[in-house]
Amino acid sequence: MKLTQQLISIEDKDAWSKVLHNNIHTFYHSYEYNKAISNSFDNIFLYHGYNQNFSAICPLQIRQKKLINDVTTPYGFSGLMINGIYNNFSNEWAEFMSLNNIIAGYILLNPIQNNQAMFENKDIFYGQSLYFINLEDDLKTIFANFSSTHRSLINQWERKNYSFVFDKNKLFEKFLSLYNQTLDRVQASTVYRFSEQTLKEIFFHPQCLSIGVENNNILEAVSVFTYTSKYSDYFLNASTMEGRVHTRALIWEAIKQLKALKIPVLGLGGGIKENDSLAEFKSRFSGWSKKNIVLKQIYNNEKYQNICKELEIDCTDKSGYFPAYWNPNINKQKEKVI
(Lines give C-alpha, C1' and ligand atoms only; values in the text may rest on other atoms or scores of the structure.)
Protein backbone atom coordinates (compact mmCIF):
# COMPACT_ATOMS: atom_id res chain seq x y z
CA MET A 1 0.00 0.00 0.00
CA LYS A 2 1.40 3.36 -1.08
CA LEU A 3 2.48 5.73 1.69
CA THR A 4 0.53 8.69 2.96
CA GLN A 5 3.14 11.45 3.46
CA GLN A 6 2.93 14.84 5.11
CA LEU A 7 4.94 17.70 6.57
CA ILE A 8 3.55 18.83 9.93
CA SER A 9 4.24 22.44 10.83
CA ILE A 10 5.91 23.35 14.11
CA GLU A 11 2.79 25.44 14.74
CA ASP A 12 0.63 22.29 14.90
CA LYS A 13 1.50 20.92 18.33
CA ASP A 14 -1.41 18.48 18.52
CA ALA A 15 -0.67 16.79 15.19
CA TRP A 16 3.09 16.63 15.92
CA SER A 17 2.56 15.13 19.37
CA LYS A 18 -0.04 12.63 18.12
CA VAL A 19 2.38 11.24 15.54
CA LEU A 20 5.15 10.88 18.11
CA HIS A 21 2.84 9.13 20.57
CA ASN A 22 2.60 6.22 18.15
CA ASN A 23 6.25 6.10 17.05
CA ILE A 24 9.62 5.34 18.61
CA HIS A 25 11.47 8.63 18.98
CA THR A 26 14.16 10.52 20.87
CA PHE A 27 14.08 13.80 22.78
CA TYR A 28 15.20 15.53 19.58
CA HIS A 29 12.03 14.47 17.78
CA SER A 30 9.81 16.00 20.44
CA TYR A 31 7.57 18.94 19.73
CA GLU A 32 9.04 20.90 22.66
CA TYR A 33 12.63 20.51 21.48
CA ASN A 34 11.85 21.48 17.90
CA LYS A 35 9.68 24.37 19.00
CA ALA A 36 12.68 25.63 21.00
CA ILE A 37 14.97 25.16 17.99
CA SER A 38 12.51 27.11 15.83
CA ASN A 39 13.39 30.19 17.87
CA SER A 40 16.85 30.00 16.28
CA PHE A 41 16.16 28.43 12.87
CA ASP A 42 13.18 28.90 10.57
CA ASN A 43 10.95 26.44 8.72
CA ILE A 44 10.92 23.44 11.08
CA PHE A 45 8.58 20.55 10.19
CA LEU A 46 7.98 16.92 11.11
CA TYR A 47 7.97 14.51 8.17
CA HIS A 48 5.59 11.57 8.57
CA GLY A 49 5.20 8.78 6.05
CA TYR A 50 3.01 5.83 6.84
CA ASN A 51 0.75 3.01 5.73
CA GLN A 52 -0.93 0.20 7.63
CA ASN A 53 2.31 -1.62 8.49
CA PHE A 54 4.96 1.10 8.34
CA SER A 55 5.78 4.52 9.76
CA ALA A 56 8.72 6.87 9.33
CA ILE A 57 9.31 10.17 11.13
CA CYS A 58 11.98 12.84 10.82
CA PRO A 59 12.22 16.49 11.94
CA LEU A 60 13.28 18.64 9.01
CA GLN A 61 14.42 22.18 8.41
CA ILE A 62 13.58 23.52 4.96
CA ARG A 63 16.41 25.84 4.01
CA GLN A 64 15.83 28.52 1.45
CA LYS A 65 18.31 30.32 -0.73
CA LYS A 66 16.19 32.60 -2.89
CA LEU A 67 14.27 30.19 -5.15
CA ILE A 68 16.11 27.10 -3.95
CA ASN A 69 14.70 24.73 -1.29
CA ASP A 70 16.58 21.90 0.34
CA VAL A 71 16.14 20.02 3.61
CA THR A 72 18.34 19.06 6.51
CA THR A 73 17.79 17.66 9.99
CA PRO A 74 17.85 20.26 12.77
CA TYR A 75 20.66 20.25 15.34
CA GLY A 76 20.64 17.20 17.61
CA PHE A 77 20.54 13.45 17.10
CA SER A 78 16.98 13.12 15.84
CA GLY A 79 17.19 11.88 12.28
CA LEU A 80 15.04 9.49 10.32
CA MET A 81 13.44 6.85 12.54
CA ILE A 82 11.57 3.94 10.97
CA ASN A 83 9.06 1.49 12.39
CA GLY A 84 8.31 -1.50 10.19
CA ILE A 85 9.46 -2.53 6.72
CA TYR A 86 8.38 -1.00 3.41
CA ASN A 87 10.62 -1.75 0.45
CA ASN A 88 9.57 1.24 -1.66
CA PHE A 89 10.10 3.82 1.08
CA SER A 90 13.23 5.45 -0.34
CA ASN A 91 11.59 5.97 -3.75
CA GLU A 92 8.40 7.45 -2.32
CA TRP A 93 10.37 9.63 0.11
CA ALA A 94 12.41 11.08 -2.78
CA GLU A 95 9.28 11.57 -4.91
CA PHE A 96 7.56 13.40 -2.04
CA MET A 97 10.51 15.76 -1.63
CA SER A 98 10.59 16.54 -5.35
CA LEU A 99 6.84 17.19 -5.46
CA ASN A 100 7.32 19.70 -2.63
CA ASN A 101 9.91 21.64 -4.65
CA ILE A 102 12.82 20.36 -2.55
CA ILE A 103 15.85 19.69 -4.74
CA ALA A 104 18.25 18.05 -2.25
CA GLY A 105 18.56 16.76 1.29
CA TYR A 106 21.21 16.31 3.96
CA ILE A 107 19.48 13.88 6.33
CA LEU A 108 20.80 12.29 9.50
CA LEU A 109 19.95 8.63 10.02
CA ASN A 110 19.22 8.14 13.69
CA PRO A 111 22.30 6.56 15.33
CA ILE A 112 20.34 4.10 17.47
CA GLN A 113 18.73 2.49 14.42
CA ASN A 114 20.28 0.85 11.36
CA ASN A 115 18.24 2.21 8.47
CA GLN A 116 20.93 2.66 5.83
CA ALA A 117 20.00 -0.59 4.05
CA MET A 118 16.79 1.09 2.87
CA PHE A 119 18.72 3.58 0.72
CA GLU A 120 21.12 3.46 -2.22
CA ASN A 121 24.81 3.20 -1.36
CA LYS A 122 25.60 6.28 -3.47
CA ASP A 123 23.55 8.39 -1.06
CA ILE A 124 25.00 7.00 2.20
CA PHE A 125 27.96 8.72 3.85
CA TYR A 126 29.71 7.72 7.04
CA GLY A 127 30.95 10.47 9.32
CA GLN A 128 32.81 10.53 12.59
CA SER A 129 32.44 7.89 15.31
CA LEU A 130 29.84 8.42 18.02
CA TYR A 131 30.37 7.03 21.52
CA PHE A 132 27.84 5.40 23.85
CA ILE A 133 27.82 4.09 27.42
CA ASN A 134 25.68 1.16 28.58
CA LEU A 135 23.93 2.41 31.71
CA GLU A 136 22.46 -1.04 32.37
CA ASP A 137 25.87 -2.10 33.70
CA ASP A 138 26.43 -1.46 37.40
CA LEU A 139 28.31 1.70 38.36
CA LYS A 140 31.40 -0.24 39.43
CA THR A 141 31.65 -1.86 35.99
CA ILE A 142 31.01 1.40 34.16
CA PHE A 143 33.75 3.17 36.11
CA ALA A 144 36.17 0.27 35.69
CA ASN A 145 35.72 0.52 31.91
CA PHE A 146 36.96 4.12 31.89
CA SER A 147 40.55 4.60 30.84
CA SER A 148 43.08 4.67 33.70
CA THR A 149 43.61 8.39 33.04
CA HIS A 150 39.90 9.16 33.37
CA ARG A 151 39.62 7.11 36.57
CA SER A 152 42.67 8.73 38.11
CA LEU A 153 41.63 12.29 37.30
CA ILE A 154 38.07 11.72 38.56
CA ASN A 155 39.45 10.33 41.83
CA GLN A 156 41.72 13.37 42.17
CA TRP A 157 38.81 15.69 41.37
CA GLU A 158 36.65 14.15 44.10
CA ARG A 159 39.32 14.88 46.72
CA LYS A 160 39.22 18.61 45.96
CA ASN A 161 36.83 21.24 47.26
CA TYR A 162 34.48 21.32 44.27
CA SER A 163 30.70 21.07 44.51
CA PHE A 164 27.91 20.19 42.13
CA VAL A 165 25.00 22.54 41.49
CA PHE A 166 21.63 21.22 40.26
CA ASP A 167 19.38 24.25 40.70
CA LYS A 168 18.46 25.29 37.15
CA ASN A 169 17.38 28.76 38.26
CA LYS A 170 20.80 29.32 39.77
CA LEU A 171 22.62 27.83 36.78
CA PHE A 172 20.89 29.31 33.75
CA GLU A 173 22.16 32.91 33.59
CA LYS A 174 25.72 31.82 34.23
CA PHE A 175 25.33 29.01 31.71
CA LEU A 176 24.43 31.57 29.01
CA SER A 177 27.59 33.52 29.73
CA LEU A 178 29.76 30.41 29.84
CA TYR A 179 28.21 29.03 26.67
CA ASN A 180 28.97 32.17 24.68
CA GLN A 181 32.51 32.27 26.10
CA THR A 182 32.99 28.65 25.05
CA LEU A 183 31.71 29.25 21.50
CA ASP A 184 34.01 32.22 21.07
CA ARG A 185 36.99 30.37 22.51
CA VAL A 186 36.65 27.38 20.18
CA GLN A 187 35.48 29.52 17.21
CA ALA A 188 32.35 27.40 16.90
CA SER A 189 30.20 27.23 13.79
CA THR A 190 26.96 29.21 13.61
CA VAL A 191 25.04 25.93 13.92
CA TYR A 192 25.84 26.01 17.66
CA ARG A 193 24.80 29.64 18.19
CA PHE A 194 21.28 29.30 19.52
CA SER A 195 19.10 32.17 20.67
CA GLU A 196 18.65 32.74 24.39
CA GLN A 197 15.02 31.63 24.07
CA THR A 198 16.04 28.33 22.46
CA LEU A 199 18.52 27.60 25.21
CA LYS A 200 16.07 28.59 27.93
CA GLU A 201 13.27 26.34 26.68
CA ILE A 202 15.60 23.34 26.40
CA PHE A 203 17.43 24.04 29.67
CA PHE A 204 14.22 24.15 31.72
CA HIS A 205 12.56 21.20 29.99
CA PRO A 206 11.72 18.46 32.55
CA GLN A 207 13.65 15.92 30.47
CA CYS A 208 16.82 17.99 30.59
CA LEU A 209 19.43 17.33 33.27
CA SER A 210 21.68 20.32 33.97
CA ILE A 211 24.70 20.01 36.27
CA GLY A 212 27.14 22.75 37.24
CA VAL A 213 30.38 22.82 39.20
CA GLU A 214 31.39 25.53 41.66
CA ASN A 215 34.92 26.23 42.78
CA ASN A 216 35.03 28.51 45.85
CA ASN A 217 31.45 29.62 45.09
CA ILE A 218 32.34 30.50 41.48
CA LEU A 219 30.49 28.53 38.80
CA GLU A 220 33.10 27.26 36.35
CA ALA A 221 31.28 24.69 34.20
CA VAL A 222 27.80 23.50 33.23
CA SER A 223 26.87 20.38 31.29
CA VAL A 224 23.43 19.70 29.83
CA PHE A 225 22.01 16.22 29.15
CA THR A 226 18.68 15.34 27.53
CA TYR A 227 16.79 12.09 27.95
CA THR A 228 13.73 9.98 27.33
CA SER A 229 12.92 6.65 28.97
CA LYS A 230 15.02 4.81 26.34
CA TYR A 231 17.96 7.08 25.59
CA SER A 232 19.98 10.01 26.95
CA ASP A 233 22.44 12.34 25.30
CA TYR A 234 25.29 14.66 26.26
CA PHE A 235 23.85 17.80 24.68
CA LEU A 236 25.90 20.89 25.57
CA ASN A 237 28.87 21.83 27.70
CA ALA A 238 30.07 25.29 28.72
CA SER A 239 32.98 26.32 30.90
CA THR A 240 35.70 28.80 31.68
CA MET A 241 39.19 27.85 30.58
CA GLU A 242 39.88 26.64 34.12
CA GLY A 243 36.53 24.85 34.26
CA ARG A 244 37.44 22.39 31.53
CA VAL A 245 38.97 20.17 34.24
CA HIS A 246 35.45 19.40 35.48
CA THR A 247 34.20 17.67 32.32
CA ARG A 248 35.03 14.09 33.35
CA ALA A 249 33.41 14.52 36.74
CA LEU A 250 30.30 16.10 35.18
CA ILE A 251 29.87 13.13 32.84
CA TRP A 252 30.43 10.69 35.70
CA GLU A 253 27.82 12.47 37.84
CA ALA A 254 25.36 12.47 34.91
CA ILE A 255 25.88 8.72 34.51
CA LYS A 256 24.86 8.24 38.15
CA GLN A 257 21.81 10.48 37.81
CA LEU A 258 20.62 8.97 34.51
CA LYS A 259 21.19 5.42 35.70
CA ALA A 260 19.05 6.20 38.75
CA LEU A 261 16.29 7.15 36.32
CA LYS A 262 16.69 3.68 34.71
CA ILE A 263 17.70 5.10 31.35
CA PRO A 264 19.65 2.37 29.52
CA VAL A 265 22.02 4.35 27.26
CA LEU A 266 24.00 7.59 27.33
CA GLY A 267 25.23 8.97 24.01
CA LEU A 268 28.34 11.15 24.26
CA GLY A 269 28.40 12.26 20.63
CA GLY A 270 31.72 12.40 18.80
CA GLY A 271 34.48 14.76 17.86
CA ILE A 272 34.48 17.58 15.37
CA LYS A 273 36.59 15.35 13.15
CA GLU A 274 37.40 11.67 13.37
CA ASN A 275 40.13 10.88 15.93
CA ASP A 276 40.52 14.49 17.07
CA SER A 277 41.23 15.26 20.74
CA LEU A 278 37.52 15.50 21.60
CA ALA A 279 36.79 12.12 20.02
CA GLU A 280 39.72 10.56 21.88
CA PHE A 281 38.47 12.05 25.15
CA LYS A 282 35.01 10.53 24.66
CA SER A 283 36.37 7.19 23.48
CA ARG A 284 38.23 6.78 26.80
CA PHE A 285 34.92 6.29 28.60
CA SER A 286 35.14 2.91 26.85
CA GLY A 287 31.56 2.14 25.93
CA TRP A 288 30.92 1.31 22.31
CA SER A 289 30.99 3.33 19.11
CA LYS A 290 29.26 3.48 15.76
CA LYS A 291 29.58 5.74 12.78
CA ASN A 292 27.40 8.77 12.25
CA ILE A 293 25.46 8.16 9.02
CA VAL A 294 23.90 10.79 6.76
CA LEU A 295 22.03 10.72 3.49
CA LYS A 296 23.14 13.15 0.80
CA GLN A 297 20.36 13.00 -1.75
CA ILE A 298 19.40 14.87 -4.90
CA TYR A 299 15.67 14.96 -5.63
CA ASN A 300 15.72 17.18 -8.73
CA ASN A 301 18.82 16.47 -10.80
CA GLU A 302 18.13 19.08 -13.47
CA LYS A 303 17.82 22.00 -11.05
CA TYR A 304 20.74 20.80 -8.95
CA GLN A 305 23.01 20.44 -11.99
CA ASN A 306 22.01 23.86 -13.31
CA ILE A 307 22.90 25.55 -10.03
CA CYS A 308 26.23 23.76 -9.80
CA LYS A 309 27.04 24.65 -13.42
CA GLU A 310 26.35 28.33 -12.80
CA LEU A 311 28.57 28.27 -9.70
CA GLU A 312 31.27 26.27 -11.52
CA ILE A 313 31.27 23.52 -8.92
CA ASP A 314 31.27 19.75 -9.34
CA CYS A 315 27.70 18.51 -8.95
CA THR A 316 28.87 14.88 -8.78
CA ASP A 317 31.08 15.37 -5.71
CA LYS A 318 29.15 14.72 -2.48
CA SER A 319 32.20 14.13 -0.32
CA GLY A 320 32.37 17.62 1.15
CA TYR A 321 29.71 20.29 1.65
CA PHE A 322 26.29 19.15 0.56
CA PRO A 323 24.34 20.56 -1.12
CA ALA A 324 27.47 21.93 -2.76
CA TYR A 325 26.10 25.46 -3.08
CA TRP A 326 26.24 25.85 0.73
CA ASN A 327 30.04 25.70 0.65
CA PRO A 328 31.12 29.00 2.26
CA ASN A 329 34.22 29.09 0.07
CA ILE A 330 32.21 29.62 -3.11
CA ASN A 331 33.02 33.01 -4.61
CA LYS A 332 30.41 35.40 -3.22
CA GLN A 333 30.06 37.03 -6.61
CA LYS A 334 28.71 33.78 -8.03
CA GLU A 335 25.96 33.45 -5.46
CA LYS A 336 23.88 36.03 -7.29
CA VAL A 337 22.85 33.37 -9.80
CA ILE A 338 20.92 31.45 -7.15
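I note at the outset that the model is predicted.

*Entry on helix α10*

I then looked up the buried side. Helix α10 spans residues 301-311, and Tyr-304, Ile-307, Cys-308 and Leu-311 are buried in it. Viewed down the axis of α10, these buried residues fall within an arc of 95°, so they line one face of the helix. I asked which strands the buried residues of α10 pack against. They pack against β4 (68-72), β6 (104-109) and β13 (288-298). Past the helix I recorded Glu-312, which follows α10 and has a positive phi, near 60°.

*Entry on the second largest pocket*

I turned next to empty space. Rolling a probe the size of a water molecule over the atoms shows where such space is left. The second largest pocket holds about 220 Å³ of space. Its lining includes Ser-90, Asn-91 and Ala-94, and I also listed Phe-119, Glu-120, Lys-122 and Asp-123 among the lining residues. Gln-297, Ile-298, Tyr-299, Asn-301 and Lys-318 belong to the lining as well.

Which element gives the most to this lining? I found that α3 does, with three residues. Both α3 (89-99) and β13 supply at least two residues each.

*Entry on Glu-214*

I located Glu-214 in strand β9, which covers residues 208-215. Is Glu-214 buried or exposed? Its relative accessibility is 10%, and the limit for a buried residue is under 20%, so Glu-214 counts as buried. I recorded a polar contact of 3.2 Å between the side chains of Glu-214 and Lys-170. Leaving aside residues up to four places away in sequence, Glu-214 touches Asn-161, Tyr-162, Ser-163, Val-165, Lys-170 and Leu-219.

*Entry on Tyr-131*

I placed Tyr-131 in strand β7, residues 124-134. Tyr-131 counts as buried because its relative accessibility is 12%.

Conventions:
Residues are numbered from 1 along each chain as its sequence is written. This is a predicted model: local features need pLDDT of at least 70, side-chain atom pairs count only at pLDDT 80 or more; totals for chains, interfaces and linings use all residues. Side-chain values use heavy atoms; hydrogens and water are left out. Buried means under 20% relative accessible area, exposed over 50%, partly exposed in between (1.4 Å probe, protein chains only). Helices (H or I, at least four residues) and strands (E, at least two) are DSSP runs, numbered from the N terminus. The arc is that of the directions from the helix axis to the C-beta atoms. Contact means heavy atoms within 4.5 Å. On a 1 Å grid over the protein atoms alone, a cavity is a set of points where a 1.4 Å probe fits but cannot get out, and a pocket is an open set with protein on both sides within 12 Å along at least five of seven lines; lining residues have an atom within 4 Å of a point. Grid points are joined across faces, edges and corners, and a volume is the space filled by probe spheres set on the points. A polar contact is a pair of N or O atoms within 3.5 Å; within protein, one must be able to donate a hydrogen and the other to accept it, and residues adjacent in sequence count only if both atoms are side-chain atoms.
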